[in-house]
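Walk me through this structure, please. I am new to it and would like to go one step at a time.

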Amino acid sequence: MSKVVETRSMLLQVLILVFFFFSAFVKNGNAGITSTFIRSEWPSNDIPLDNEVFEVPKGHNAPQQVHITQGDYNGKAVIISWVTPDEPGTSKVQYGVSKNYDFTAEGTVRNYTFYNYTSGYIHQCLVDGLEYDTKYYYKIDSGDSYREFWFQTPPKINPDIAYKFGIIGDLGQTYNSLSTLEHYMQSGAQAVLFVGDLAYADRYMYNDVGIRWDTWGRFVERSAAYQPWMWSAGNHEIEYMPDMGEVIPFKSYLNRYPTPHLASKSSSPLWYAIRRASAHIIVLSSYSPFVKYTPQWEWLRKELKRVDREKTPWLIVLMHVPIYNSNEAHFMEGESMRAVFEEWFVHYKVDVIFAGHVHAYERSYRISNIHYNVSGGDCYPVADKSAPVYITVGDGGNQEGLAERFRDPQPDYSAFREASYGHSTLEIKNKTHALYHWNRNDDGKKVSTDAFVLHNQHWLYLHRGSNLRRRKLKKHHLRRVVDWASSF
């Protein structure tokens, strides 16, 4: 009996210490963590072209590089894309709830040139009118060969529906990239939010640029053919190469990776929005004009007004360049977009903003710098309960390697940072809470490293009263923890 009492007492003390440490951690920005983890450096070279991960499907003109993305605003459509290497073949997709394939959709086909490289025939087919929460099988037939896949549509839009997203950025096609992709595929996530920098094909010259787009398409097919990847563009998609006569930005990316931009009344595939399950997701383009009166600015102003938090309580924004970043790499590159859009993010209580670009991981506290201007006002970020959490996940594994130099001292707004490869998941539980995890690739193993409960700020403000009441709720929560411990 004495041992039970002693164990209960020790557990109670530990819980109380954890609580007060957590309270100090939240209140004191200086409690941010810079991880001291040192990884064993895997080479950041791209996987050789003859590796099995880039294997060409068997059969003459067999469809390859198959991937899907959401095809409409509300999740009842997908855009299926693939490439036939030798000849156009057909652009039809057969699909249905069984392998009888009761329906057929007709798509389009195109190809493009880049320097002396000519792409295969790129097919894109919109499959719409789908039922929610349903498994569909689909078949792509080139005329000589066919391949079969499947996907699951999301649940009907509902504020309390649970859904799990994966977040990946700056992936590339190295062995580190493969580790990230394989770990993500074990996560149980249902769709990918991709924050830019796909193939890193622009690291090559001449015809090798197109060849590395092809290998990357085959590389990610193992996931992207079975669940939607929602795309955003990064700097490595620009491919402005005047020495090779290539001066049209995003040429390869726009030909290969469609988005449902027209469904959200966007004038460009580079910025758009979708609704999926209980989330409203907005994709922005860091490398397209966004200052006042530009098309992207005008579109975002209208799109934010369209958000209905009663139907989709979770408001998520994707961009490539992080607004808040304490790494020496790309430091303050997001400042211009912050000056334009941050006030809107705070006003509309965006829950979380995911970015890439910096080849490391970092998470911020809820902070803003909206009172700063060039003629006066505060010039340093402050705690702001209406502000988003900013998360940088540019750590997918590309050939440029890790950004290992963080600024010292760690800024007050930075909660956790580490220079390692990995991926994240955001598991929405209901309209008030979501679970977030960042998973480190530790020499080929998945390690859950940073995790927290994300509270939906809009719902808390509307339905849980004042800041005073929230403080009381925290005290009551501690009391429940103490009562729970005492019950042992």
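**A helix and its surroundings**

Helix 3 bends by about 25° at R218. The bend at a residue is the angle between axes fitted to the seven residues ending there and the seven starting there. Helices (H or I, at least four residues) and strands (E, at least two) are DSSP runs, numbered from the N terminus. This is a predicted model: local features need pLDDT of at least 70, side-chain atom pairs count only at pLDDT 80 or more, and totals for chains, interfaces and linings use all residues. Residues are numbered from 1 along each chain as its sequence is written, and side-chain values use heavy atoms, with hydrogens and water left out.

Helix 3 has 17 residues and spans 23 Å from its first C-alpha to its last. That is close to the 24 Å expected at 1.5 Å a residue, where the expected span is 1.5 Å times one less than the number of residues. The helix is largely enclosed by the rest of the structure, because 14 of its 17 residues are buried. Buried means under 20% relative accessible area, exposed over 50%, partly exposed in between (1.4 Å probe, protein chains only).

Turn now to the strands. Strand 10 (residues 135-141) pairs with strand 4 (residues 92-96) in the antiparallel sense, over four bridges. Two strands pair if DSSP finds at least two bridges between them. Y138 in strand 10 is the bridge partner of Y95. Strand 10 also runs antiparallel to strand 11 (residues 146-152), joined by seven bridges. Here I140 stands opposite R147 in strand 11. The hairpin of strand 10 and strand 11 has four residues between the strands, and G143 takes a positive phi near 105° there.

Next come the charged pairs. The structure holds 15 salt bridges. A salt bridge is a side-chain nitrogen of Lys or Arg within 4 Å of a carboxyl oxygen of Asp or Glu. K431 and D160 form one of them (3.5 Å, N to O). K431 lies in the loop between strand 24 (422-428) and strand 25 (433-442), and D160 in the loop between strand 11 and strand 12 (163-168), so the pair ties together parts that are 271 residues apart in sequence. D160 is partly exposed, at 37% relative accessibility.

D351 and R309 also meet in a salt bridge (3.0 Å, N to O). This pair links distant parts of the chain, 42 residues apart. D351 is buried, with a relative accessible area of 0%. R309 counts as buried too, at 6%.
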